[in-house]
Amino acid sequence: MGDYSDPLQIKDGDNQLEKVELEQPMPSVGIIVGSIIAVFLCMSIAAIMIIILLKRNRPQCSETKGGDCDTLHYGHGEVTMPLFTPPGSEDPNQAVREFTKEIDSSHIVIESVIGGGEFGDVCKGKLRIPRRMEMSVAIKTLKQGANDKDRMEFLTEASIMGQFDDPNVIYLEGVVTKNFVFADHPIMIVTEYMLNGSLDTFLRNNDGKFTVIQLVGMMRGIASGMSYLSEMGYVHRDLAARNILINENLVCKVADFGLSREIDLDTTDGAYTTKGGKIPVRWTAPEAIAFRKFTSASDVWSYGVVMWEIISYGERPYWNWSNQYVIQAVERGFRLPPPMDCPEAIHQLMLDCWQKERGNRPKMQQVVRSHDKFIRAPELLKKIAKPRADLLMDLNPVNEVSRFNNVEGWLISIKMDRYIQNFLNAGYRTMEQVSTITSRDLETLGVTLIGHQKKIMNSIQTLRAQLYGPHFQVSEGFLV
């Protein structure tokens, strides 16, 4: 042993040498406790980091869990979305590179301007890519002199569209952001071309021309596209017939994924201004208006309004009512009555979509299955809906239709002033007299166009509810 070795005790026995353990000093209690605490802290920190990483990387939660994982919150003038980082949090050019295809501007031929959007013109054109068949496309352009905010929102819409691939959602062919032939060439979003344009205009131009099954087929396509978006964790927020495009085969596709922008309270498209952007009041669920939260369930409410637009051939929801009046009426229980010749089963599905409690509304997948059932069994659509007394109400003191003291003012308000002289010649002077009019009466008054009949009778139905309250019974001979 060396000079510094600890002593060993060895004893001889049974021809074996047994080593006796070295005598070591016992560690102090403080060191042991300190070691245990250090280990515990390290484990806690590691667990917290793992939880944070899992939360950051977990997929969108399912609707069936009942959470608000797909809720959009307005904040500081911005809107957050599950599929795209909110504007201002990153360079939108990065998202465009990730989710879209760049198209050389020399492959685009603009033929005509077919409309206008929030950011610039909407054009029809051709996409001519070498070794590919020439195809018609729609081209959305960013107006000259657009500011950085407009440019960012324009690119954001493109990056959102680029993430979708469904037969009932508008398809993005690509974007043009560089390699311009001309220095002043605008930035473009290039999508598939839909011959019949927006659904609301198409329906108004073809009033009464389709069978109920054809209309249900349009509804089914929109519901299927919305079901896909819901499964992708995306909330549209602005679902309306004006934002649905329809092609030559009557296939409907969900479109318009731009961010909302602030506009006046009462405008032709029914937008309601909030601190975080516009809300399309006539299509928006009560909780979304009240709390500025949008979920797949609020999209279902909007879809119910789109169904009403389709059955009424593009009638404006809630007619000429102001947005504030619509908010009050819906909050107090009013629901849109069935349009003329609306099947009871279709109106009931609308009412299901308009349940006040969002948890009671059907999921979009269930709506698709309902439409499939109607298409397979058209006899379910034979019974025509009647206005339900429990959904009609006396809306005083905010009575809008019955505020007119004469027939002239009422007809002007619903843009049917061409028939003023017809009504006056037939002896109709007061709104009480107007409330007794039937569809047969309209024909004798010279109102022969189906669309005009529907508009006038829808207004008369609302007038009856306001004049006589929820217990008013439609007598025999009234249009129901």
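I counted helices (H or I, at least four residues) and strands (E, at least two) as DSSP runs, numbered from the N terminus. The model is a predicted one, where local features need pLDDT of at least 70, side-chain atom pairs count only at pLDDT 80 or more, and totals for chains, interfaces and linings use all residues. Residues are numbered from 1 along each chain as its sequence is written, and side-chain values use heavy atoms, with hydrogens and water left out.

**Entry 1: the whole chain**

I began with the elements, and the chain has 15 helices and 14 strands. Next I looked up burial (buried means under 20% relative accessible area, exposed over 50%, partly exposed in between, with a 1.4 Å probe and protein chains only). Of the 480 residues in the chain, 46% are buried. I then turned to contacts (heavy atoms within 4.5 Å). Among those with a separation of 6 or more, 64% are between residues 24 or more positions apart. I noted an accessible surface of about 24,800 Å² for the chain, and carbon and sulfur atoms hold 53% of that surface. Such areas come from the Shrake-Rupley method with a 1.4 Å probe; for residues, only the protein chains shown count as cover.

**Entry 2: a sheet around E9**

Which strands make up the open sheet, and in what order? I read 5 strands in the order E5-E6-E7-E9-E8, with antiparallel pairing. Two strands pair if DSSP finds at least two bridges between them. Strand E5 (108-116) and E8 are at the edges; each has a single partner strand, so one side of each lacks a neighbour in the sheet. From one strand to the next, the twist averages 30 degrees. Helix H3 (residues 148-161) packs on this sheet and touches E7, E8 and E9. The direction of H3 makes about 30 degrees with that of E9. For such angles, axes are lines fitted to C-alpha atoms, for helices over the stretch in contact, and angles run from 0 to 180 degrees between N-to-C directions.

I followed E9 (residues 188-192) next, and 5 of its 5 residues are buried. Strand E7 (residues 135-141) runs antiparallel to E9, joined by 5 bridges. In that pair I found Thr141 opposite Met188 of E9. Strand E8 (residues 172-176) is also antiparallel to E9, with 4 bridges. Here Gly174 stands opposite Val190 of E9.

**Entry 3: two positive phi values**

I looked for positive phi outside glycine. Arg131 has a phi near 65 degrees. This residue is in the loop between strand E6 (121-127) and E7. Is Arg131 buried or exposed? Arg131 counts as exposed, at 84% relative accessibility.

Leu250 also has a positive phi, about 65 degrees, and is not a glycine. Leu250 is in the loop between strand E10 (244-246) and strand E11 (252-254). At 24% relative accessibility, I logged Leu250 as partly exposed.

**Entry 4: a residue in H1**

Last, I checked Ile37. Ile37 is in helix H1 (residues 29-57). Its relative accessible area is 47%, and Ile37 is partly exposed.
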